[in-house]
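User: I'd like to learn how to read a model like this one, feature by feature. Could you walk me through it?

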Amino acid sequence: MSANVPQQGPTAGAATRRLLTPADNPLVRAVGRIPAGVHAKLLVAFGGVALLVVVLGALGLRLLGQSNERVDTLGTLQQRAFAYGKLRSDALYVRTLWAQNVGGDYYTVFPDLNREDFSADGPVIDRLIKSAATQIPASTFPDNLGFVPPPEDEVFLKRIRSTGRELSEVMRQIVDIDLVAPKRATSLRYRAELLTIDLSQHATELANTTRKRTNALIAENAGAYTSSRNLLVGAAAGTIVLALLLGFVLSWSLIGPIQRIDSRLAAIASGNFSGHVDVTNRDELGALAANVNRMNDELQRLYRELETASRHKSEFLANMSHELRTPLNAIIGFSQVLRDGLFGEVNAKQEEYLEDILTSGHHLLALINDVLDLSKVEAGQVQLELAPFSIEDALERGVSMVREQATRNGVQVTLHANDGLHVVTGDERRVRQVIFNLLSNAVKFTSAGGSVDVTATRANGEVRVSVADTGPGITEDDLGRIFEEFQQTEAGARQHEGTGLGLALSKRFVEMHGGRIWCDSEVGKGSTFVFTIPAAAVGR
Amino acid sequence: MRTLIGGALVLLTLALSACGGSDSNSASDEALQRDSDLYAISQIEKSFHEAITKRDIDEMMSLYAPNATATFGPGKTVSGREQIRQVWLKSDAFKRTTNWLSDHPAYKLKATVNGDRGTLRFECHFVDLLTHKIAAVTGGSTDVARIDDRWLITNFVGSTAELKR
């Protein structure tokens, strides 16, 4: 176990960055600290927004109602203005008619006026005035106006009514006198003229007053529209702002903790257990953060235990390998000396047993060496000794090492090394170990009459070596685990040979060079093991 | 975020402050405006007599609205400044041989005002400066209106003076 564990706390840069995030807003954190679930908070937020919309709608309806009332009032006022305008028009008509009967010094100022016309038409005009004046009082009542006039209008209407009646009466007297002697009614005429002036003035004043009120209401409507519009726009803007604020605060009270938890989980995933996630929420996210912190602490504890156990295992293996290899060398050495007869002849039975001791001792030594190598690799104690070397020479040496066994098994080994392999940079000893592993496996599992072809090529800055045999092949299931420690194929297990560590070591050595290793195989036809290493490895 | 909230609050404040505005005049302002309008309307009568005394037809015509109507007597209803001018020019008041002083009894002036409309009635006493006698006494009742910030006669109807009753 040799994972590189970064043991660092939050940096100053990260802290500064966090201070600038919206999630650190005091309001956002305050919402997070509210002791309610996320569901309740969301419900309240959406309810709040809905309430704001309802308030806005109610306000709009109220303003619409007020506007409607003003339109109604304006309609009534316009109806009154129209009726009073007609009344004024009638009064002015009477006034203008009377001007046709003007008397006094008028003819002194305007000498071109024909006084004779007056003499001829005077009685006719008088009758016209009488008729018109009689109609005016009747026009001031609600039945003829078409509406009930308000009290402020009634003051004017009463004046018009009384003046009209008086004028009507005076004109009746004038018409009666006209039948006898037209010019004798001088004083009545002055009275009548004054009444026509009063009548027209009262009617005009009423019309002007109503017109003024109408104009004022129109102006008020315009002002009210502006006020209503501003109020509605203001309320809508306020609603939008509040809704945005609510959305901002609530979303960041959720997003902030999630981001913090995510950040902490990422740190945990990369092996950093030094920090804790800081979430002040008192909801589900707060509980999640607390669990993440507990998980962090538990993982940290387990990780440290595993680290310790792994170190102990590596130390144990290294020590044990060393301790085992020393007596084993003595066993192998003395067995070899005895078998070779240096201390006297041995009989056939003794030689057979000595051969068994030697074979077992070599097997055990190989196993111990592989375990030692693997332990060192896992402990990170193996450093590649990079140097230029000839891959072709390495292959030839490998082939020569297995040739004797191949010949004994009846297997033909052929090397196809293309020209231009040149020199590569790598750890020659480890590469040769890989080549030997692959070749010895191939020879071992190939039946008599079979062949092993070794091919080496160079392309795209890497060297590619393949070892193809005509052995039994490897099943799909075995292909997935043959590069793991102590894993063997069924054929390997049956032969009771090998340690199950050769391919695992080969894989590690190739990968330390920055290369790859894999196997293509078909049961019954054979296997091809391939590895690549960069032409100029830098080591890992 | 602070900028967003700040901008929103400013917007809200502006919108709400705009809602509170009111352009209604106070009662004293209305009374002041009314007095001012009545004074301006009464000045029409003053200018009317001044124009006759000085025989200044342009000053007289400046008192009428462009589309004013006027009834001076039997069959003498005219409209527009030009027609009104012609009637006045044919009157004795504007003859070269006439030396009248136009005066008026102030207590017989009556003016009303309602917004941009009003009424005005007054009498005219023409005094012959050569004989020192009253040559004629007439009257007029008018409708007036504020047009382009000036009070002008929109309808004039001549009348027999009330003094003669």
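**Reading the sheet, the helices and the interface**

Analyst: Let's start with one residue pair: Thr457(A) stands opposite Arg464(A) in β5(A). Keep in mind that this is a predicted model.

User: Fine. Which strands pair there, and in what sense?

Analyst: With strand pairing, look at the direction and then at the bridges. Here β4 (residues 451-459) of chain A pairs with β5(A) in the antiparallel sense, over eight bridges.

User: And what joins β5(A) on to β7(A)?

Analyst: Seven bridges do, between β5 (residues 462-469) and β7 (residues 526-534) of chain A, and the two strands run antiparallel. To find your place, pick out Val465(A), whose bridge partner in β7(A) is Phe531(A).

User: What about β6(A) and β7(A), how many bridges do they share?

Analyst: Seven bridges again, and the sense is antiparallel, with β6 covering residues 516-522 of chain A. Arg516(A) has Thr532(A) as its bridge partner in β7(A). Have a look at the turn too: three residues lie between the strands of this hairpin, and Gly524(A) takes a positive phi near 90°.

User: Now zoom out. What is the strand order of the open sheet?

Analyst: The order in chain A is β2-β4-β5-β7-β6, five strands in an open sheet with mixed pairing. The edges are β2 (412-417) and β6 of chain A, each of which pairs on one side only. From one strand to the next, the twist averages 15°.

User: Which helix packs on the sheet and touches β2, β4, β5 and β7 of chain A?

Analyst: That's α12 (residues 428-445) of chain A, and its direction makes about 20° with that of β5(A). Then there's α15(A), which lies across β6 and β7 of chain A and runs at about 135° to β6(A).

User: Let's do helix pairs. How do α11(A) and α12(A) pack?

Analyst: Take the angle, the distance and then the hand. Helix α11 (residues 391-409) of chain A packs against α12(A) at an angle of about 25°, with the axes 9 Å apart. The two are therefore roughly parallel to each other. The crossing is right-handed. In the contact, α11(A) brings residues including Leu395(A), Val399(A) and Val402(A), while those from α12(A) include Ile435(A), Phe436(A) and Leu439(A). By class, the contact has eleven nonpolar, four polar and three charged residues.

User: And α9(A) with α10(A): at what angle do they pack?

Analyst: About 155°, with axes 9 Å apart, where α9 spans residues 284-339 of chain A. That angle is why α9(A) and α10(A) are described as roughly antiparallel to each other. Their crossing is left-handed. The contact divides into 15 nonpolar, seven polar and five charged residues.

User: Where does α15(A) come in? At what angle does it cross α10(A)?

Analyst: Roughly 35°: the axes of α10 (residues 348-378) and α15 (residues 502-512) of chain A come within 10 Å. This crossing is left-handed. The residues making the contact are Asp370(A), Asp373(A), Leu374(A) and Val377(A) from α10(A), and Gly502(A), Ala504(A), Leu505(A) and Arg508(A) from α15(A). That gives four nonpolar, one polar and three charged residues.

User: On to the interface. How many residues of chain B are in contact with chain A?

Analyst: 44 residues of chain B, in contact with 46 of chain A. To read such a face, ask which elements supply it. On chain B, α1 (2-19), β4 (110-114), β5 (117-128), β6 (133-147) and β7 (150-160) each give at least two residues. α1(B) gives the most, with eight. The chain B side has 18 nonpolar, 16 polar and ten charged residues.

User: Where in chain B is confidence lowest, and where is it highest?

Analyst: α1(B) is lowest, at a mean pLDDT of 49, and α3 (residues 57-61) of chain B is highest, at 95. Over residues 14-22 of chain B, pLDDT stays under 50, and the model has eleven contacts for them beyond four places in sequence.

How values were computed
Residues numbered from 1 in each chain as written. Chains lettered and ligands numbered in written order. Predicted model: local features only at pLDDT ≥ 70, side-chain atom pairs only at ≥ 80, totals over all residues. Pairing = 2+ DSSP bridges. Helix = DSSP H or I, 4+ residues; strand = E, 2+ residues; numbered from the N terminus. Axes fitted to C-alpha atoms, helices over the stretch in contact; angles between N-to-C directions. Left-handed = near helix turned anticlockwise from the far one by under 90°. Contact = placed C-beta atoms within 7 Å. Nonpolar A, V, L, I, M, F, W, Y, C, P; charged D, E, K, R; others polar. Parallel < 35°, antiparallel > 145°, perpendicular 65-115°, else oblique. pLDDT = per-residue confidence, 0-100.
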